[in-house]
Structure formats: C-alpha cells, structure tokens
Amino acid sequence: MARPGSGLITFSPQSKAFIFQLNHNKMRWSPFLGIPISLVLLSFFLFQLSPLKSPNNPLPPRLFTAEDLTPFNGTNPRLPILLGILGSVFDVSKGKRHYGAGGGYSHFSGRDASRAFVSGNFTGEGLTDDLHSLSSTEVKSIIDWRDFYLRTYIFVGKLVGRYYDGEGNPTKYLKGIEAKAARGAQLLEKQKKEEAKIPNCNSKWSQEEGSEVWCDEGHPRLVQRPLEIALTGKMSKRCACFKEDELSQEGLEVYDGCDYLATKCRLT
C-alpha cells in the first residue's frame, strides 16, 4: 500500500500474482465472466485500502480537555454521553436513562466529578475531581467505582489535568491517590481479620421498639475500632460479644441501662 495521501496505489506481491494469473488465463474465459471478476477485484482492492475495524483492535483512546468533555453531558441527543472519573473517560450512552438529561446520575455526565461519588454533594462545589482531605477508604471507594466503569462501560480516553498530563501519562497526583487507596485496602483487610477474632453483636431496629443488640454467645460491649482513625480519620466504636472471663479487659463499655451480664440490650 502507498502512504495515506500520496495519491498512488501499490499492490502487494500476492495482489500482483493474482493479477498476472488473471491476465495469463483471460483468453480461456467467457466474456460473461468479466463482470463478476471485476467485482471480485474491486472488493479485494477496497479491502486492501480500507481494512475492517476489528472489535479486538479499537481505535486508540483520545485525550480530552475539560472543555472538550462538557458537550457530552447528555443534553445533545446526537452526541454520546461521556463521564470522567479519576481522569479516565467512559462512554455511558447505554445507560442513557440514568446519565442522560434528567437522569438520576446526570450530574456526573460531561465532567469529572470524582469526589461526588463518595461525598454525595452534587452542587457546583461538590462536582469536582479534587480528592483533598478524603480518607483512604473513601479514596478506595472511588477507585472501586472506576473499576466498575472499566468493567461495565467503554473506555474512550483520558482527561488532561489533575490525573493525566498532556501526553496521557499518569500524574504524581494519580499515583498518590492509587497508593493511598492501596493502603486503605490493606488496613480494611487487617481490620477485618482483627475483628473476626471477636464477633460482632446481632442488631435490629423497629419504629415501635427502637434498636436492640444481642449476643448468641457472650455479652454485648462497645469497643473502639483502633484502625478506624487511619481509615477514615475518625474514631468509631462497634458492638462486640465477649465471654464472661473476657469482660475485665480495658476499653470495654457497657451499654447504658444494660446489666453487666446481660446478653441483650435495648438502646435508648
């Protein structure tokens, strides 16, 4: 093939051999064979000039600016609906009912509003890609959302700015965010293993009776979750079940209004 735009068409050795064989045998053929042969040749050379696009070889992703992305917000029915998260851009057109104009997730379309995936703030200030001050678990949650879009929708490019530079390379900010999410995942796994050693209380709530916690074995106690500060930046407690010979440990808190050896406590 000639280079695109050269105005010349050159043929591969296989094409030349095919043409030579046709010329060599042309005297033996009926004139009526000329039309189908011409069609075969035309199809063959059109295929050489314009090979079919394979689903396994999609066009390379493009780079977007924030201004480029804005028109793809679902308000123009002639354009696909695009969404950015952590600088990755996805075509979410198949979810038009959700991401199109008036849809429940339309505020995500035509922009990168990564922070809103965990903050729930869909106002102007909340629809930002800035993850400053978010905890490691919140950042991990946004990474999980990005993975969801990778599995569910079509990746079409990268957004130049906070997460990717002008050549499409990850920025230090993106690498830092991914490292923070990885630390969050490790801490969550550690917390899960630690808390599995002491089972959580059962709990239920009803409008008539309020909240209640109980243990099938042991006694309900409130305990600190020491890894929670590293995970969320806040201290929290959980209800866990302890055997009677474990109740002397420091840091175990009896629920207000609950007997020391009670197995069930109604919360007020």
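These questions and answers walk through a predicted model of one protein chain.

Student: How many helices and strands does the protein chain have?
Tutor: The model is predicted, and the chain has 268 residues. Of these residues, 32% count as buried. The secondary structure comes to 8 helices and 9 strands.

Student: What percentage of contacts between residues at least 6 apart in sequence join residues at least 24 apart?
Tutor: Start with contacts in the protein chain between residues at least 6 apart in sequence. Then keep those that join residues at least 24 apart. The share is 58%.

Student: What distance should the 25 residues of helix α7 span?
Tutor: Helix α7 covers residues 172-196. The rule is 1.5 Å a residue, taken for one less than the number of residues.

Student: Which element supplies the largest share of the largest nonpolar core?
Tutor: This core has 24 residues, and Ile85, Leu86, Val92 and Tyr149 touch the most other members. At least two residues come from each of β2, α5, α6 and α7. The largest share is 4 residues, and the element is α6.

Student: Which cysteines does the second, separate core include?
Tutor: This second core is separate and has 10 residues. Among them are Cys201, Cys215, Cys239 and Cys258.

Student: Is Arg146 buried or exposed?
Tutor: Arg146 sits in helix α6. Beyond its neighbours within four places in sequence, Arg146 contacts Ile85, Leu86, Ser88, Phe90, Leu174 and Glu178. Its relative accessible area is 11%, and the cut-off is under 20%. So Arg146 is buried.

Student: How far apart in space are Val92 and Ile81, C-alpha to C-alpha?
Tutor: Val92 lies in the loop between β3 and α4. Val92 is in contact with Ile81, Leu83, Tyr99, Tyr149 and Tyr153, leaving aside neighbours within four places in sequence. Val92 and Ile81 are 11 residues apart in sequence. In space, their C-alpha atoms are 5.6 Å apart.

Student: What is phi of Leu86, and of Ser133?
Tutor: Most residues other than glycine have a negative phi. Leu86, in the loop between β2 and β3, is buried at 0% relative accessible area. Ser133, in the loop between α5 and α6, is exposed at 57%. Both values are positive: phi of Leu86 is near 55 degrees, and phi of Ser133 is near 80 degrees.

Student: How many charged residues are in the lining of the second largest pocket?
Tutor: The second largest pocket has a volume of about 160 Å³. Its lining includes Lys197, Asp216, Glu217, Lys243 and Glu246. Other lining residues include Ile198, Pro199, Cys215, Cys241 and Phe242. The lining divides into 5 nonpolar, 2 polar and, for the class asked about, 5 charged.

Technical notes
Residues are numbered from 1 along each chain as its sequence is written. This is a predicted model: local features need pLDDT of at least 70, side-chain atom pairs count only at pLDDT 80 or more; totals for chains, interfaces and linings use all residues. Side-chain values use heavy atoms; hydrogens and water are left out. On a 1 Å grid over the protein atoms alone, a cavity is a set of points where a 1.4 Å probe fits but cannot get out, and a pocket is an open set with protein on both sides within 12 Å along at least five of seven lines; lining residues have an atom within 4 Å of a point. Grid points are joined across faces, edges and corners, and a volume is the space filled by probe spheres set on the points. Ala, Val, Leu, Ile, Met, Phe, Trp, Tyr, Cys and Pro count as nonpolar, Asp, Glu, Lys and Arg as charged, and the others, Gly among them, as polar. A nonpolar core is a set of buried Ala, Val, Leu, Ile, Met, Phe, Trp, Tyr and Cys residues joined through side-chain atoms within 4.5 Å. Buried means under 20% relative accessible area, exposed over 50%, partly exposed in between (1.4 Å probe, protein chains only). Contact means heavy atoms within 4.5 Å.
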